[in-house]
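Good morning, and thank you for coming. Please look at the structure now on the screen, and keep it in view while I speak.

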Amino acid sequence: MAARFLVAMSVVVLLIESCMAAMFSARLIHRFSDEVKAFRAARSGVSGSWPEWRTMEYYKMLVRSDLERQKVMLGSKYQFLFPSEGSKTMSFGNDYGWLHYTWIDIGTPNISFLVALDAGSDLLWIPCDCIQCAPLSASYYGSLDRDLNQYSPSGSSTSKHLSCSHQLCESSPNCDSPKQLCPYTINYYSENTSSSGLLIEDILHLTSGIDDASNSSVQAPVIIGCGMRQTGGYLDGVAPDGLMGLGLGEISVPSFLSKAGLVKNSFSLCFNDDDSGRIFFGDQGLATQQTTLFLPSDGTYETYIVGVEACCIGSSCIKQTSFRALVDSGASFTFLPDESYRNVVDEFDKQVNATRFSFEGYPWEYCYKSSSKELLKNPSVILKFALNNSFVVHNPVFVVHGYQGVVGFCLAIQPADGDIGILGQNFMTGYRMVFDRENLKLGWSRSNCQDLTDGERMPLTPPPNDRPPNPLPANEQQNTHSGHTITPAVAGRAPSNPSAASTQLILSQFCLVKSLPLMLLLLHLLPSAF
């Protein structure tokens, strides 16, 4: 019996020794450690507020982080959200810089603002305690039926000033004191165009549901820019009543809505031929939509950049037309890097059946005399993406009108200043554009941008976790018709040696297989050993 006991113990020792080589360890790093602080500063250029260990602020931030994590794990509360005044967007043409706008309500009591929609920036700013702002009287703008408004934090009972110690105050390194009010300055692509002022937290009023008839109201705390001083285009008719940044930054409205657990981390914009459109927060698009991944810039996802593999004019695909482009609803028209631009316009010029002409005051190089009938014969522009996904621009031209109707058209593409192009609103027309920030991809499907008022209605409550959200709208299926860094979680980082983790897993599995005969022998010996 003693001999059998010794044999059993020897088997146990062999089992332990055989698995020791496959054991491995991992080093855990706390979210508020100096290493994470350094990592965040290196990735974003801003370290932000960082609590001292075991201070009251340290424990408050831990609690806030845990609550945000809980919301993510529980899933989003609503399937879709849109501004309380409706999901509709509109363009007023040249008077307002060809951008799309929507009415939003902010503060308590709520005040309405007509803001431009810009996927190329992050901050939502509105005219506020103005030192230098655009005119706000309706009489100054021919297409408005009511005056535009100005915000004042003192007039809203729910407003809170942000201090320089706030984690989203990017100007904190330039502050004299952590208690100082947080200033902001944002410079835009247009020359000498900027907005500056103070950062404020207040309520954005939204509605949940699928159409503008829904009356389920939602109040979402967001950070806004109290825009006290505007310059450049913002004084000349572009975004006179503010601008809603929809970018990837932590300070954007989609970021606040998803972090609060209100909707999925995604939104959609739809632009129709009649200058109307829609915006929905939480929309992840149709299962049948085409997609392409967003690309990082210098290792970080700062904005919505995609990779175009080739451009085609009609059925003719052109060599040397691959480029990266910013998908930007804040850009009225489309810009291509110089080499791609030259190749595309040359091929378009070969295929178009019209006389080249120069229209005074128009910025485009390739314009043509034409009647309305000849417009139907223009070739389409097709952007090719990875995995054989295609984005077809059926009408890539800008129509020129004279006193007697249509007199010509221009190919609405311009050369970009650098090596990154811009896909603007004119290329997005007729599509439901889905900015899926959760999965870092762009989706698109043909759409007429209408509400779901005559089709299957969707529930206002969140869908079960095992079922994807219903598409919005269900009757707008894909058809065949002929535009700041988010700091990644440290816990999710891949190992520096990509094969290290898989090697350890294989070793562990091999250990179990190799030990199986020894385990069976042990089970046989132990009962008789005692």
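A residue is called buried when its relative accessible area is under 20%. By that cut-off Phe333 is buried, because its relative accessible area is 14%. Trp364 is buried as well, with a relative accessible area of 7%. Please bear in mind that this is a predicted model.

Let me stay with these two residues. Phe333 and Trp364 form an aromatic pair of the edge-to-face kind, with 4.9 Å from centre to centre and 85° between the planes. Where do the two residues lie? Phe333 is in the loop between β17 (323-327) and β18 (334-336), while Trp364 is in the loop between β19 and β20, so the pair ties together parts that are 31 residues apart in sequence. The two also belong to one aromatic cluster, which is formed by Trp98, Phe333, Phe357, Phe359, Tyr362, Trp364 and Phe398. For the model, the count of aromatic pairs comes to 27.

Aromatic rings also have charged partners here. Arg356 lies over the face of Tyr366, at 3.8 Å from the ring centre. Arg146 lies over the face of Trp103, and there the figure is 3.6 Å from the ring centre.

I turn now to the sheets. One of them is an open sheet of 4 strands, in the order β19-β20-β24-β23, and its pairing is antiparallel. Its edge strands are β19 (355-356) and β23 (397-402), each of which pairs on one side only. Helix α5, residues 338-351, packs on this sheet and touches β19, β20 (367-369), β23 and β24; the direction of the helix makes about 140° with that of β24. Strands β23 and β24 (residues 405-411) run antiparallel and are joined by 6 bridges. Within this pairing, Val397 stands opposite Leu411 in β24.

Another open sheet has 4 strands in the order β16-β15-β21-β22, again with antiparallel pairing. Which strands stand at its edges? They are β16 (316-318) and β22 (390-393); each has a single partner strand, so one side of each is left without a neighbour in the sheet. From one strand to the next, the twist averages 25°. Inside the sheet, β15 (residues 310-313) and β21 (residues 381-384) run antiparallel, and 4 bridges join them. As one example of a facing pair, Cys312 has Ile382 in β21 as its bridge partner.

Thank you for your attention.

Notes: Residues numbered from 1 in each chain as written. Predicted model: local features only at pLDDT ≥ 70, side-chain atom pairs only at ≥ 80, totals over all residues. Heavy atoms only, no water. Pairing = 2+ DSSP bridges. Contact = heavy atoms within 4.5 Å. Axes fitted to C-alpha atoms, helices over the stretch in contact; angles between N-to-C directions. Phe/Tyr/Trp six-rings, centres within 6.5 Å; stacked < 30°, edge-to-face > 60°. Buried < 20%, exposed > 50% of the residue type's maximum accessible area, 1.4 Å probe, protein only. Lys NZ or Arg CZ within 6 Å of the ring centre and 35° of its normal.
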